[in-house]
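We will go from stop to stop, picking out residues and seeing what sits around them.

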Amino acid sequence: TALPIWILVTLAPTLVLYSKSNNVPLQNRDYAGWTLWTIGFLLEAISDQQKNTFKTNPANKGKWINTGLWSICQHPNYLGEILLWFGHLLPATSTFDTPSDYLTIGSPLFVAFLLLRVSGINFQDRQGFKRWGSDPNYQAYIRSTAKLIPYIW
């Protein structure tokens, strides 16, 4: 039900890119998109690995992760996911030649919306406050660590 819609929306830039018969030469935005995708992928993979390693250590039972990428950003895995999808869009934009092609810009915006407002950050923040909200160290971590974009927000 919702999963096919999510797949179609997130896959839209690729569908547009591969549906075109015009052979557009590679442009800077293609390289920028691939670079952004790679950075996003690495951020997500590394932060997920760091969290998994942290959680499997019995000494960390009942604690929150605030080391590695998690020391500069509360949600580095979500930042990676968002960057990945914006990077996915950029190469497709070089083939846009109809107004409907521009609708695929909604793909990474949709992912960002879900992670920022629906199922990602808000959900994780609520869970964190339930578990550690009364802990002064957790409160200090929340106050001093960027929510999504290191050193900015």
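## Stop one: aromatic rings

Searching the whole structure turns up 9 aromatic pairs. Rings of Phe, Tyr and Trp (for Trp, its six-membered ring) pair if their centres lie within 6.5 Å; planes under 30 degrees apart count as stacked, over 60 as edge-to-face and the rest as tilted. Before you select anything, note that this is a predicted model, where local features need pLDDT of at least 70 and side-chain atom pairs count only at pLDDT 80 or more, while totals for chains, interfaces and linings use all residues. Residues are numbered from 1 along each chain as its sequence is written, and side-chain values use heavy atoms, with hydrogens and water left out.

Select Phe-129 and Tyr-138. Their ring centres are 5.7 Å apart and their planes stand at 80°, so this pair is edge-to-face. Phe-129 is partly exposed, at 43% relative accessible area, whereas Tyr-138 is buried, at 5%. Here buried means under 20% relative accessible area, exposed over 50%, and partly exposed in between (1.4 Å probe, protein chains only).

With Tyr-138 it makes a tilted aromatic pair, 5.5 Å centre to centre and 50° between the planes. Trp-132 is buried, with a relative accessible area of 15%.

## Stop two: the nonpolar cores

Which residues make up the largest nonpolar core? Select Leu-43, Leu-69, Tyr-78, Leu-79, Ile-82, Leu-84, Trp-85, Val-111, Ala-112, Leu-115, Ile-121 and Leu-148, 12 residues in total. Such a core is a set of buried Ala, Val, Leu, Ile, Met, Phe, Trp, Tyr and Cys residues joined through side-chain atoms within 4.5 Å. Two or more residues come from each of α3 (76-93) and α4 (106-118), and α3 gives the most, with 5. Helices are DSSP runs (H or I, at least four residues), numbered from the N terminus.

A second, separate core has 7 residues, including Trp-70, Trp-132, Tyr-138 and Tyr-141.

Next, centre on Leu-115. Leaving aside residues up to four places away in sequence, Leu-115 touches Tyr-78, Glu-81, Ile-82, Gly-120 and Ile-121, where contact means heavy atoms within 4.5 Å.

## Stop three: Phe-41

Finish in helix α2 (residues 28-56), where Phe-41 lies. Phe-41 is partly exposed, with a relative accessible area of 41%. Not counting residues up to four places away in sequence, Phe-41 touches Gly-80 and Leu-84. Draw a distance between the C-alpha atoms of Phe-41 and Leu-84: they are separated by 5.9 Å, though 43 residues apart along the chain.
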